[in-house]
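I am opening my notebook to record what I looked up in this structure, one place at a time.

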Amino acid sequence: MYKAPTTLENVWPALEDGMSKLLNEFCSGIPFSEWMTLYTHVHDYCTSSRTQRVESRNGACFGGEDLYAKLVHFLEQHLSRILSGSRGLMELSLLRYYRLEWEKYTQAMKRVNNMFQYLNRHWIKREAEDGTKDVYEVYPLSLVLWREKFFVDVHKRITEALLDQIQRDRDGEDVDTSLLKVVIDSYVSQGLTAEQPPATTTKLYREFFEEAFLEDTQLYFSNEAVAFLDQNSITDYLRKVESRLAQESRRVRTYLHTSTHTRLLSSCEHVLIFNHLDALHAEIPQLLAEEKDDDLGRMYVLLSAVEGGLARLRTAFEKHVLEQGLNAVANIASQVTQDPRVYVEALLKVYRKYETLVATAFRRDSRFPLVKAARRFVNANAITAAASSAKSPELVARFADQILRKSNRTDDAHEIETLLDDIMVVFKLMEERDVFMSFYSKRLAHRLINNTFASEDLERIMIEKLKSACGFEYTAKLQRMFQDISLSRDINEDFREHAAKPAVDFSMLVLTTGSWPLAPAQSAIDLPAPLAQSEKCFRDYYCNKHSGRKLNMLYRHSKVEVVAHCFHRVYVLQCSTFQATVLALFNATSMLSAEQMAQRTKLSEPILFQTLMTLVKTRILNSKPSMIVKTEGADGQMKASLAEPTLAHLFAVNKQFKRSAVKVNINIQIGREKDKESTEAHKTVEDDRKFHIQAAIVRVMKMRKEMKHTALLAEVIQQLQSRFQPQVPVIKRCIEMLIEKEYIQRSSRSDVYQYLA
C-alpha cells in the first residue's frame with residue numbers, strides 16, 4: 001500500500017500545538033499517546049523522501065533543516081512574549097516572574113528535546129560533524145535562544161534585583177534563598193561553549209553577575225567596617241569579621257556558584273582585614289597581656305588570610321614571651337640558691353603556657369618563635385646576669401640531681417619520669433649543654449659512689465633521654481660509669497670470697513680513669529690502722545688478679561661509719577675518710593692542735609683545715625679559741641659564721657654533743673667547698689671547650705683541605721652548637737694554636753687556611 005510522503009505543512013501544526021501546551025500549560029502536560037504521535041511526526045518528516053536529504057555515514061538519508069528553522073522561529077516568538085511580560089516589573093516581582101518562566105521553559109524544553117530526539121541524533125548531529133555553526137541540539141538551542149532573545153535585555157535589571165536581595169540578606173532580613181539560587185543558577189546554565197554546546201562555563205555568570213556582586217560586596221563591607229570600628233572595640237570587630245566570613249561561606253553554599261567562594265572570601269578579607277591591619281596589629285600586645293586566648297585565635301585565623309598579616313603577630317608574640325620569661329625568673333631570683341626546682345618550674349610554667357597558646361589559638365603553627373623566645377630567657381636572664389651564662393645549666397643539673405636522689409619528695413617513678421621530661425624541655429632550650437653535662441656528671445658520680453640514687457632504672461632513662469637529644473658521644477662517659485659500678489659489685493663479691501678477711505667491713509669501687517669527673521688524689525694521708533690494713537688487703541688482691549694495673553685511692557670521695565662512745569649515748573657518725581682519720585686521733589688524747597694533727601695524719605693544710613671546719617660546724621669538736629664568729633646582720637639580727645683555723649688552734653671532743661637520731665651524717669659541705677666545686681666545674685668546661693673546638697677545626701680542615709677563614713668559623717660553629725655556642729675569639733685562638741702545632745697553615749692567598757697531613 002502506498003503511503004504519501006510527510007511534509008512540514010502536514011506535521012507542523014500538531015507539533016506547534018503540542019509545544020505550546022508544554023510551554024504554556026506544563027503542569028497540565030499532554031497525554032503520552034499524543035506525545036508519541038508528535039515524536040512519530042518528527043521521525044516521519046526526517047525520513048520522508050520529499051525533505052531535503054543529508055546522507056549519513058552509513059548511507060541513510062535524513063532531512064530536517066526546515067523543521068529546525070521552524071522550531072527556532074517558534075521559540076523566538078515565545079521568548080518575545082516572555083520579554084513583553086517582564087516589562088514594568090522590578091526587583092522582587094521581576095525575580096519571581098523570571099524564576100516562573102525559567103522553570104516552565106527549561107522543564108518544557110527537556111520534553112520537547114525528547115520529542116525531537118530523532119532530529120538530534122541524525123540531522124543536527126550530521127550538521128555539527130560537518131562544522132555548521134549555530135546548530136545545536138534542541139535543549140541547548142532553547143538555552144541559547146533564551147540568552148539571546150530574552151536574557152540580554154533583562155540581565156541588568158535581574159542582576160540589580162539579585163544584589164538588592166543579597167544586601168537585604170546581609171542586613172538580616174528574610175529573603176527567599178531558593179528564588180535566588182534558581183535565578184543565579186540560570187546564569188551558569190546559559191554559559192554554553194561554542195566548541196561543545198551541551199557543556200557550560202561560568203563566563204556569562206562572571207561577566208553578568210559575579211563582577212557586579214564582588215564590587216557591591218567590597219563597597220558594603222568597607223562602609224560597614226569603618227562604621228563598626230568607630231563604635232566598637234577591636235575584639236568585638238574580630239567577632240564581627242569572623243561572623244561575616246562564615247555568613248559569606250554559607251551564602252556560597254546556599255545560592256551562589258561554588259566558583260565564587262575563593263574570590264568572595266578574598267574580597268571580604270581584603271576589605272575587612274587587610275585595610276585595617278594597623279588597627280588589628282596595635283591590639284595584639286593587649287590581647288597577649290590580658291591572656292585573651294580566644295580572641296588571639298580569631299586574630300590568628302583572620303591575619304593568616306591576608307599577605308603579611310602574621311608577621312607582626314609573630315614578632316609581638318616573641319617579645320611578649322621573652323618579657324614573661326624574664327619577669328618570671330626575676331621574681332624568683334632570691335629563691336633559686338636554696339631550691340633550683342623553683343627556677344626550673346618558673347621556666348617551664350612560661351614555656352608550657354605559651355606552648356598551649358600556640359597549640360590552640362595558633363593552630364600549632366611552627367612559624368611562631370616560641371622556642372626562639374624561650375631560648376633567650378633560659379640562657380640570658382636575671383640569674384645568669386648576676387652570675388654567668390653557665391648558671392642556668394648548673395641549676396637545671398642541680399634540679400635533676402634532686403629528683404634522682406633517694407631523698408627526693410616523691411617515690412612515684414611515673415611522677416619522677418614526668419619531671420625528667422620537664423627537665424629535657426628546658427635542656428633542649430639551653431645553649432651551654434656542656435656546662436649541664438659537667439655538673440650533671442659530677443652529681444651522678446656522687447650519687448653512684450654514695451649509693452644515694454633513687455632508682456638505677458630512672459638514671460638510665462635520663463641518660464637515654466640525653467643521648468636521644470645530643471647523640472651517643474654526649475653520654476658515653478655516663479654509660480661507662482654505670483659499667484664500672486656493675487663491675488665493682490662483682491669485684492667486691494669475689495674479694496669477700498677469695499681474699500683475706502680485712503680488719504673492717506668495707507667495699508671498694510674500682511673506677512676507670514677518664515670516665516669519671518673526679519679530681520685525682522691531692523694529699524697524702526696516714527690512715528688509722530684498721531683502714532690501712534683493709535686497704536692493703538684489697539690492693540694485694542686486685543694487683544694479683546690484674547697485673548699491670550695501678551690503683552689510685554680517692555679518699556676525698558670515700559665514706560666511713562665511726563661508732564662514737566664518747567658522748568652521753570652511742571652514735572654512729574657517717575663521715576669522710578679525712579674526718580675519720582682526724583677523729584681517730586682522739587682515741588689516744590683529749591686535745592690536739594691543728595699542727596699536731598697535720599704531723600700525725602700527713603694531711604695538707606687546706607684539706608685539714610677544711611675537715612676541721614666541718615667537724616666544728618657539726619659540733620663534734622670544740623675549738624680554742626672559738627672559730628664561731630657572731631656578727632650583726634643588716635636586719636639587726638646576730639648571725640654566726642665560721643672562721644678558718646690556724647695551726648695554733650686547739651681542738652677537743654665536744655662532750656655535750658646531742659642528736660635525736662643514732663646515725664648522724666657529719667660529712668657536709670661548707671660554703672667555700674661548694675663555691676670551689678662550681679669554680680672547678682666551670683674551669684673544666686672552658687678547658688674542654690678548647691679541645692672540642694680544636695678537634696672540630698681539624699675535622700673540617702681534614703675533609704675540606706683548604707678553606708677560607710669565615711667559612712671555617714661558620715662550619716665549626718655549626719658542628720658545635722648542639723653542645724655549646726662557641727665564641728668567635730676563642731675559635732680564632734684555637735686556630736692559632738693549631739697553626740703553632742702544625743696541623744694547619746696559612747695559605748699564600750689572604751684569609752685561607754690549608755690542612756697539613
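**Entry 1: Leu612**

I looked up Leu612 and found this residue in helix α25, residues 605-617, where helices are DSSP runs of H or I with at least four residues, strands are runs of E with at least two, and both are numbered from the N terminus. I noted that the model is predicted, that local features need pLDDT of at least 70 and side-chain atom pairs pLDDT 80 or more, while totals for chains, interfaces and linings use all residues. I also noted that residues are numbered from 1 along each chain as its sequence is written, and that side-chain values use heavy atoms, with hydrogens and water left out.

Leu612 has 0% relative accessibility and therefore counts as buried (under 20% relative accessible area, with exposed over 50% and partly exposed in between, for a 1.4 Å probe and protein chains only). Leaving aside neighbours within four places in sequence, I found Leu612 in contact with Val582, Ala594, Met597, Leu621 and Phe651, contact being heavy atoms within 4.5 Å.

**Entry 2: Ser747**

I then turned to Ser747, which lies in the loop between β12 (744-746) and β13 (752-755). Ser747 counts as buried because its relative accessibility is 14%, and, neighbours within four places in sequence aside, Ser747 is in contact with Val752, Tyr753 and Gln754.

**Entry 3: helix α19**

Last, I checked helix α19 (residues 433-450), whose 18 residues should span 26 Å at 1.5 Å a residue, and whose end C-alpha atoms are 25 Å apart, which agrees; the expected span is 1.5 Å times one less than the number of residues. Because 15 of its 18 residues are buried, α19 is largely enclosed by the rest of the structure. Just after α19, Asn451 takes a positive phi of about 55°.
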